[in-house]
Amino acid sequence: DSWGSLASFGWKASVGKLQDLPASFPWDGARVKINSSDGDVTTDYYAIRWKGTWQEYSNIATYENGLRKLPLLNNMPIVIERQGAGSANPGSFIARLLDTSDQLRPPLVGNTENNKAPNFVGKKIKQIFYINGRICLASGDSLSFSQTDVIWNFYASTIINVLPGDTIEVKIASEKILEILRVAIFQSGLLIMTSEGQYLFNTEQGISPATVIVNKLSNYAYNDSGGTVYDGDSIVFSGFTGDTSRIYRYRVARLTSENKAIDLTIQIPTYLKGEVINIANFVEDGTLIVLTKDSKKLYLYREVISGDTMVQSAWFTWDFSTLFTGDFDYILHIMIIDDYLYLITATDVCKIHMGLKVFDESYEHKDLGTHPYPSTIELTKWRPKQTVAQVQTPRGRLQLRTATVSLTGEAVLQVFKEDRDFTQEKPITTNKSINILSNTDKTVLSIINDNTKPFTISGIAYSGTYRTKGK
């Protein structure tokens, strides 16, 4: 060119990676292929072009044989629709793919290395939910968030820059292989239940690639059969080991905003018999109601909170065995609607007014009249302490002589002696003492309320002897 090649310009049709491109380029609109690592430009490449800066070139129809060879997610999502009155089968349901405009978007830029398929492809999807303008799918050990406000796009819209609204892939880091079992949306973020404990995905600063923070919260064993329930300012869930269940609560402290996960059954680790299959919450008074598998009994929990401190708590039971008398007439599910607790069995649906504590005799599916159901609190689940430092006395070393209970209201004080298979009951309205004369590990002391009148326990006093030798 008479200038020693100094006046000539040219460019390669393809490069191996973005970093091989020059910082500036003299031809507006020029296109360059970015090859995959194996160099196969015919099956896996993408193209960019120069428009003052390097930009993705995503017009598939006008650029050779297509830009991408990534899996197209064209088999989801599926919508289930109820057929209306004008259809061939009114009231029936049909399942179909969403319209093309609403299906998962195909990838338009990048290749399999820098714009990978989302983690849920080819895996079982455990949960799907919507948060902050994104759809999130939980699968394996990962959460896949769609692009903001383009909820069915799970591929990056650009591979040159990272944008706040880009898709996000969150992998839960753990020393052991884990599986996400459930995700609960909470005021401070996402509570992620896994096979290896609980994690908190903090969303207080929004959800973007730059704000992803996931921290380990607790190591409680999670039982997915019981699910989770939102309890005002906390989330309640269950664990199951052996033949007993535990109930846990995750709460953000009101005054300090500190995240706390506590065991509500730490003082009574063997109280809940069987695997929890359902948890309900009566918001009016904060009562938690727990149902276990193959049971005619409900476990209930109440507590009093002052500031960030729990000052009083109690577990008690409601027993329906005298009402559901069939051998397999178990409670299958519970739910709370307005002021009513609904009990569902294989043959009946019943409802209880949570304020009156009686069955609704007008409920059309089953008329149980106004029979109250017994409420039981087992007092000896908390054994007397020997010293301040000890949580409970060694089994069998404390022999109880008497127990005195102070309360207001009406109830029945009951003692069951396991070693003698003997039960004694006394009505109680204020203060009442009852003889025990048995070891603590052989005695069950309970207060039973079988009417609609409330009662309040103000004190329990034990007397007995402590043996320093022997069992």
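Predicted model: local features only at pLDDT ≥ 70, side-chain atom pairs only at ≥ 80, totals over all residues.
Let me start with the salt bridge between D224 and R182, whose closest N and O atoms are 2.9 Å apart; by salt bridge I mean a side-chain nitrogen of Lys or Arg within 4 Å of a carboxyl oxygen of Asp or Glu. D224 sits in the loop between β14 (214–218) and β15 (228–230), while R182 belongs to strand β11 (residues 180–186), so this pair ties together parts that are 42 residues apart in sequence. Strands here are DSSP runs of E of at least two residues, helices are runs of H or I of at least four residues, and both are numbered from the N terminus.

Residues are numbered from 1 along each chain as its sequence is written, and side-chain values use heavy atoms, with hydrogens and water left out.

Back to the pair: D224 is partly exposed, with a relative accessible area of 22%, and R182 is likewise partly exposed, at 28%. For these words the cut-offs are under 20% relative accessible area for buried, over 50% for exposed, and partly exposed in between, with a 1.4 Å probe and protein chains only.

The structure holds five salt bridges, and another of them joins D263 to R246, with the closest N and O atoms 2.5 Å apart. Here D263 lies in strand β18 (residues 259–263) and R246 in strand β17 (residues 244–252), so the parts tied together are 17 residues apart in sequence. D263 counts as buried at 13% relative accessibility, and R246 counts as partly exposed at 22%. Salt bridges that share partners also join K126, R182 and D224 into one network.

A further salt bridge runs between D141 and K171, where the closest N and O atoms are 2.5 Å apart. This pair links distant parts of the chain, with D141 in the loop between β8 (134–139) and β9 and K171 in strand β10, 30 residues apart. Are the two partners buried or exposed? D141 counts as buried, at 15% relative accessibility, whereas K171 is exposed, with a relative accessible area of 59%.

K171 brings us to strand β10 (residues 168–171), which has a covered face made of I168 and V170 and an uncovered one made of E169 and K171. Strand β10 pairs with β9 (residues 142–145) in the antiparallel sense over four bridges, pairing being called when DSSP finds at least two bridges between two strands. Within β10, E169 is the bridge partner of S144.

Finally, the chain as a whole: its secondary structure comes to zero helices and 34 strands, and of its 471 residues 42% count as buried.
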